[in-house]
Amino acid sequence: MSSPILKVSNLTKHFATGMFGKQTVVRAVEDVSFQINRGETFALVGESGCGKTTLTKLILALETPTSGSIVFDDIELVGASRADLARYRRAAQAVFQDPYSSLNPRLRVKGIISEPLQAQGYGDRAARMDRVREVLKIVGLPASAADLYPHEFSGGQRQRIAIARALAPQPPFMVLDEPISALDVSIRAQILNLLTDIQKEFGLTYLIVAHDLALVEQFSTNVGVMYLGNLVELGPVEKVFSERSHPYTQALLASVPNPDPDMRNPADMIRGEVGSPVNPPSGCKFHPRCPFKMDICTTEFPPRYQLDGKHWSACYLHKDDRATAAALEKETA
Amino acid sequence: MLANNRQQTSQPLLEVNDLQTHLVLGRGTLKAVDGVSFSLNRGQTLGIVGESGSGKTLTSMSIIRLLPKPSGRIVGGSIKFDGVDIVSLPEKEIAKNWRGNRISMVLQDPLTSLNPVYSIADQLGQPFRYHYKDMSRREIRDASIEMLRKVRIPAPEKRLASYPHQFSGGMRQRAVIAMAIAAKPELLIADEPTSALDVTIQIQIMDLFRKLQEETGVSIIMITHDMGVAAQLCDRVAVMYAGRIVEIGDARDIFKRPAHPYTQGLLQSIPKIGQRQKRLYAIPGQPPSLFNPPKGCRFADRCPHRMPKCDVYPPTVELESGHSAACWLLESKA
């Protein structure tokens with residue numbers, strides 16, 4: 001269970017932008033390392049501009065990293081051959097946020113689900129249609145849905161179709177990019193439970209990107225917190241959420257509106273807004289908003305301090321903690 | 001301050017009674033708002049929670065009279081604002097004396113409510129130019145700076161010449177709020193005002209709404225799908241389902257003692273920080289079509305307590321002062 005299926009090491013992605021000869025660099029992802037174990041759900045959280053979308057694109061091999069490596073099973077994705085990439089694309093499927101734009105409106109459901117199968121050389125037509133009916137049943141839709149078009153379904157049902165499409169080639173790994181945030185509140189739990197059920201049934205590994213922290217706590221095994229391109233804290237979800245080691249994690253969790261009118265959220269927990277990845281703050285990128293800022297934070301980027309087991313936080317507040325960053329660096333190298 | 005100067009009476013600022021708003025579409029008539037009644041006192045915040053299609057947005061669009069044209073129309077009921085039924089007022093009168101200066105609105109996405117080709121000064125000056133025709137340019141400039149200061153935008157003098165793209169998402173929403181309160185409305189309708197923002201920004205904007213209400217005494221209708229936002233910001237909460245209010249009460253009653261099975265299901269199905277569950281409760285099924293809504297309780301098909309009686313629409317039962325719900329289960333408590 002605990003063998004890694006995906007290993008990301010020192011991954012960096014810079015985009016060059018600019019007009020009229022003024023070149024600037026967007027540092028979307030900077031030196032990110034983590035691994036996802038077989039059968040677990042790994043969550044990436046962070047606010048817009050933190051790089052989580054770029055990171056997922058890199059992992060889905062839709063973007064080429066500036067440096068670093070991504071190893072899936074035994075395939076090194078960076079510089080992989082076409083054959084290896086094709087093999088990977090069968091193994092890694094994705095479900096996106098908006099089921100209104102992720103399904104081709106001109107195809108019937110059977111086309112939507114079977115087209116990728118055909119591209120991957122999955123059996124003959126009859127075998128593909130069998131698989132379409134099979135996955136529709138798994139996601140809780142009747143076989144008759146196969147002959148309908150996406151517009152004939154509600155948002156929740158469309159997301160079920162997107163899940164069926166992802167499930168069809170029997171992938172071991174799925175990327176879920178905000179899979180429920182476009183859905184209505186009463187539908188969200190249905191889809192979440194469906195994702196939990198199919199994970200158990202087929203031994204799937206999930207990478208989920210979400211901004212809803214309560215959902216992440218409910219749904220995932222490990223969580224990585226991103227801020228302006230860097231991972232700032234990583235560990236088992238119950239540790240990260242209960243110990244709240246990094247000040248940014250504290251701020252994020254304290255900002256989630258509490259659905260209890262007697263438990264007021266602290267008002268002045270966090271000031272200011274996320275900086276720009278084009279011109280990020282020096283040192284720790286969170287320092288302009290951090291209530292615990294020290295002198296060193298403005299000049300030096302903090303190393304990862306191991307807290308216990310697999311839980312680390314990149315913040316100088318942990319400098320005096322037992323384990324040293326060096327030991328952690330060695331372990332993950 | 002303005003609201004405080006107007007005479008303080010026990011009369012609610014807003015009384016909506018049996019409001020019915022329809023959308024006449026090619027496919028038929030959508031009964032989007034089907035008999036909605038509530039009242040709102042001065043200085044209070046009422047949350048309207050519900051899912052897409054529940055009618056929460058069209059209820060508020062009916063109040064500020066910004067229904068989609070030509071499909072949207074109010075076909076029944078009354079909206080009394082400060083004692084005046086504004087449903088029958090002509091559009092000219094609404095535009096001149098009501099919309100903007102007595103009733104105002106903030107929408108979800110600040111990028112679409114700001115015009116990208118006009119500076120913040122141009123756009124923020126608009127409500128002053130429209131509602132106070134005798135203000136000089138100098139006065140408008142000063143008033144605009146004052147509004148930016150009020151919504152806590154730092155260095156407002158320098159920010160006035162900026163364009164929307166030079167503002168971050170949170171600052172844009174602050175600017176939109178500044179425009180909405182510029183003509184000192186008594187009622188501010190905020191439709192998902194924080195849903196497009198990141199959580200650490202959302203909490204700052206929520207705090208801003210609280211402070212503005214303390215400072216100006218404005219009444220707020222907060223439309224949201226986020227139960228957390230409703231719990232944090234609202235004095236009273238109305239839960240809408242399929243065009244009707246199924247439960248209304250003080251925020252504490254709604255969140256601590258939800259009476260309607262839909263409210264109960266909704267609260268149970270949202271994950272809460274620090275309370276990991278084995279499996280989330282999920283309300284089965286989906287909302288009914290409003291082209292041809294069921295005669296009885298609209299939630300019946302998804303309700304775990306469904307009874308034969310539910311084929312008739314249940315009466316609204318008052319459970320405690322100001323807390324009522326429409327469900328046959330509560331009949332004995334009437």
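Student: How many residues does the contact take from chain B and how many from chain A, and which helix of chain B gives the most to the side of chain B that touches chain A?
Tutor: Bearing in mind that this is a predicted model, the contact draws 34 residues from chain A and 36 residues from chain B. On the side of chain B that touches chain A, at least two residues each come from helix 9 (199–216), helix 10 (227–233), helix 11 (251–256) and helix 12 (261–269) of chain B. The greatest contribution to that side, six residues, is made by helix 9 of chain B.

Student: By class, how many nonpolar, polar and charged residues does the side of chain B that touches chain A have?
Tutor: Sorting the residues on the side of chain B that touches chain A by class gives 16 nonpolar, 12 polar and eight charged residues. One helix pair across the two chains can be set beside this: in the contact of helix 6 of chain A with helix 12 of chain B, the classes come to three nonpolar, three polar and no charged residues. For the whole side of chain B that touches chain A, the values asked for are again 16 nonpolar, 12 polar and eight charged.

Student: How are helix 6 of chain A and helix 12 of chain B oriented to each other, roughly parallel or oblique?
Tutor: Helix 6 (residues 185–202) of chain A packs against helix 12 of chain B at an angle of about 50°, the axes being 9 Å apart, and the crossing is left-handed. The residues that make this contact are Val185(A), Ser186(A) and Ala189(A) on helix 6 of chain A, together with Gly265(B), Leu266(B) and Ser269(B) on helix 12 of chain B. Given that angle, the two helices are therefore oblique.

Student: Why do helix 8 of chain B and helix 9 of chain B count as roughly parallel or otherwise?
Tutor: Helix 8 of chain B and helix 9 of chain B have axes 10 Å apart and pack at an angle of about 20°, in a right-handed crossing. Their contact involves, among others, Gly169(B), Ile177(B) and Ile181(B) of helix 8 of chain B and Ile201(B), Leu208(B) and Thr216(B) of helix 9 of chain B, and its residues divide into six nonpolar, five polar and one charged. Because angles under 35 degrees fall in that class, helix 8 of chain B and helix 9 of chain B are roughly parallel.

Student: Is Leu187(B) buried or exposed?
Tutor: Leu187(B) belongs to strand 7 (residues 187–191) of chain B, and, leaving out residues up to four places away in sequence, its contacts include Leu13(B), Arg102(B) and Ile221(B). Ile221(B) is 34 residues from Leu187(B) in sequence, with a C-alpha to C-alpha separation of 7.5 Å. Because 24 C-beta neighbours lie inside 10 Å, Leu187(B) counts as buried.

Student: Which residues of helix 1 of chain A are buried?
Tutor: Helix 1 (residues 52–59) of chain A is mostly covered, with six of its eight residues buried, and Ala61(A), which follows this helix, has a positive phi near 60°. The buried residues are Lys52(A), Thr54(A), Leu55(A), Thr56(A), Leu58(A) and Ile59(A).

Technical notes:
Residues numbered from 1 in each chain as written. Chains lettered and ligands numbered in written order. Predicted model: local features only at pLDDT ≥ 70, side-chain atom pairs only at ≥ 80, totals over all residues. Contact = placed C-beta atoms within 7 Å. Helix = DSSP H or I, 4+ residues; strand = E, 2+ residues; numbered from the N terminus. Nonpolar A, V, L, I, M, F, W, Y, C, P; charged D, E, K, R; others polar. Axes fitted to C-alpha atoms, helices over the stretch in contact; angles between N-to-C directions. Parallel < 35°, antiparallel > 145°, perpendicular 65-115°, else oblique. Left-handed = near helix turned anticlockwise from the far one by under 90°. Buried ≥ 20, exposed ≤ 12 C-beta atoms within 10 Å, placed from the backbone.
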